[in-house]
Amino acid sequence: MHILKISARNFKNLANDAAIDFVAKSRKTSEDKEYELHEIADGLYIFKTIAIVGKNASGKTTALDLLAVAEEILTSYRVSDNHSVNNMEICIYFFEDGYIYKYIATLLQNSVDKKVKFENELIMRKPYYKSYINEIYDDNGFETVQEEGRLPEDVSKVFFVIQSNPPGAIYYNDYMTGAGVYNLTFDVMESSNIDEEILKKILKIFDANVLGLTRDENGNFKLNYAGEEKILTAHELFFMLSSGTTKGMILYTIIVASLSQGFNLIIDEIENHFHKTLVENIISLYKDKSVNRKNATLIFSTHYCELLDLFNRQDNIYIANADNKVHLNSVYDKYPIRNDVLKSRQYYTNVFKTAVNYDALMDLKKTME
C-alpha cells in the first residue's frame, strides 16, 4: 500500500483546498528515477522525500498532522485520540495491488473520551494503467467497493481492502524526549529485528565514548562508556548521556527501522538539535536505493532552507503559508522558479513569502531600548 494523495476539510485551520500529493508531476529524468523517486508500478512514481517549509506559525505541523491521521487510517484502521479531528472530512488516494483507491470518510470525535468514529465512508477503486497516469485522480473509471462485513464504529472499512498489512508510519517530534526514549529505542529494535551492533554504530555518531548499550530483563541498561561498564536505570542513563546523543539514538534507530521495513517517517522540524551534516545524511539515506530498498518515504518540515538545495525536483517541496487559513503549495505548481537558481536563495529573497517579520523584530527592539 502506498499513499498517493491526501486532502481534507474542517481539519484544524487547514484551508479546504489544501492537498499533499506523493506522485511526481513534472518530467522525470534518469537522475530523478535514481535518487528522487520510487517506481511503485509501471510508470507510477512517488517521492522518496517530501519537504514542507515555512516560517513559524505557517502551518507546517498542521500539514504533518494531516499526514499522520491518513497514515493511521491506512495502517491501523483507527485514528488515535491525540488528534483533533471532529467533523473532519478526509479524502485519501492510495495504490494497492494494481488498483488506485479513493477513500472518503467523515471523522467524528467524542468530546469526553476522544474516541474517533467513522461515518459516511466510501471506498472506490479502478485498475491502474500506465497509459492513464495523468488521470489517476479523475472520477472516471472508479467503482464502489462493496462492504464485506460489519466493523466497530471506530474501525475504518479500509480494513477490508488493504491486504498487504503495511507497517504503520512513525511521526517523530519533540515529544519523544525524556527517559522513556531508551525503552522506546529497544522496543523499536526488537519489533524491527535491528541488531545491537547497529545501535553501537548509531551511538558512535553522537558520542565516541559510548562503546555499547544493552537492556537487561529487568529493564535496566548496561552502558559501556569509555571502557567502563555501568548498570543504570533509564532515569540515570538520561542524565549520563547528552540530550543530542539521546535524541540521535532514537531518531536514527527509527530511520533504520523505516528503511528496513519500508514504512514512512514523518519528522517535525528535522533540523532541531542536529548538525547540518547529520540532516543531509538522513535525507541522503532515503535517496539511496541501495539502502532504501522497500520504498520508504521521508516527510519532514524545516526552517532550514539550505536543505531545499538537496532536492533536484520542485514538486516534492511544499510551502506553508497562513493568513486566516493554512495554505500548502508545491513549488512546482505555485512558484515558477528556474532549476539553475538555488532554492535557498529564492527563500532568502522571499519568493515564497516566508521571510521573518522584520518590522515586528524592530518594534520589539525599540521597546527594549
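Contact here means heavy atoms within 4.5 Å. The model is predicted: local features need pLDDT of at least 70, side-chain atom pairs count only at pLDDT 80 or more, and totals for chains, interfaces and linings use all residues. Residues are numbered from 1 along each chain as its sequence is written, and side-chain values use heavy atoms, with hydrogens and water left out.

**Exercise 1. The overall make-up**

Task: State how many helices and strands the protein has, and what share of its residues is buried.

Solution: 
- Step 1. Count the elements. The protein has 10 helices and 17 strands. Helices (H or I, at least four residues) and strands (E, at least two) are DSSP runs, numbered from the N terminus.
- Step 2. Buried means under 20% relative accessible area, exposed means over 50%, and partly exposed lies in between (1.4 Å probe, protein chains only).
- Step 3. Apply it. Of the 369 residues, 50% count as buried.
- Step 4. Check the sequence range of the contacts. Take those with a separation of 6 or more: residues 24 or more positions apart account for 63% of them.

**Exercise 2. A buried alanine**

Task: Decide whether A51 is buried or exposed, and say what A51 touches.

Solution: 
- Step 1. Locate A51. It lies in strand β5, residues 49-53.
- Step 2. Classify it. The relative accessible area of A51 is 0%, so A51 is buried.
- Step 3. List what A51 touches, not counting residues up to four places away in sequence: F300, L308, F311, N316, I317 and Y318.
- Step 4. A51 and I319 are 268 residues apart along the chain, with C-alpha atoms separated by 8.5 Å.
- Step 5. Follow F311. K287 lies over its face, at 5.0 Å from the ring centre. A charge sits over a ring if NZ of Lys or CZ of Arg is within 6 Å of the ring centre and within 35 degrees of the ring normal.

**Exercise 3. Two packed helices**

Task: Describe how α6 and α7 pack.

Solution: 
- Step 1. Two packed helices are described by the angle between their axes and the distance between the axes.
- Step 2. Read them. Helix α6 (residues 243-261) and helix α7 (residues 276-287) pack at about 10°, with axes 11 Å apart.
- Step 3. Name the geometry. That makes α6 roughly parallel to α7. Angles under 35 degrees count as roughly parallel, over 145 as roughly antiparallel, 65 to 115 as roughly perpendicular and the rest as oblique. Axes are lines fitted to C-alpha atoms, for helices over the stretch in contact, and angles run from 0 to 180 degrees between N-to-C directions.
- Step 4. List the residues. Helix α6 contributes L251, Y252, I255, S258 and L259; helix α7 contributes L278, N281, I282, L285 and Y286.

**Exercise 4. Aromatic pairs**

Task: How many aromatic pairs does a search of the whole structure find, and which geometry do Y129 and Y132 have?

Solution: 
- Step 1. Count. The search finds 13 aromatic pairs. Rings of Phe, Tyr and Trp (its six-membered ring) pair if their centres lie within 6.5 Å; planes under 30 degrees apart count as stacked, over 60 as edge-to-face and the rest as tilted.
- Step 2. Classify Y129 and Y132. Their ring centres are 6.3 Å apart and their planes are at 70°, so the pair is edge-to-face.
- Step 3. Compare with F206 and Y252. This pair is also edge-to-face, at 5.6 Å centre to centre and 70° between the planes.
- Step 4. F206 lies in helix α4 (residues 196-206) and Y252 in helix α6, so the pair ties together parts that are 46 residues apart in sequence.
- Step 5. Y252 is buried, at 4% relative accessibility.
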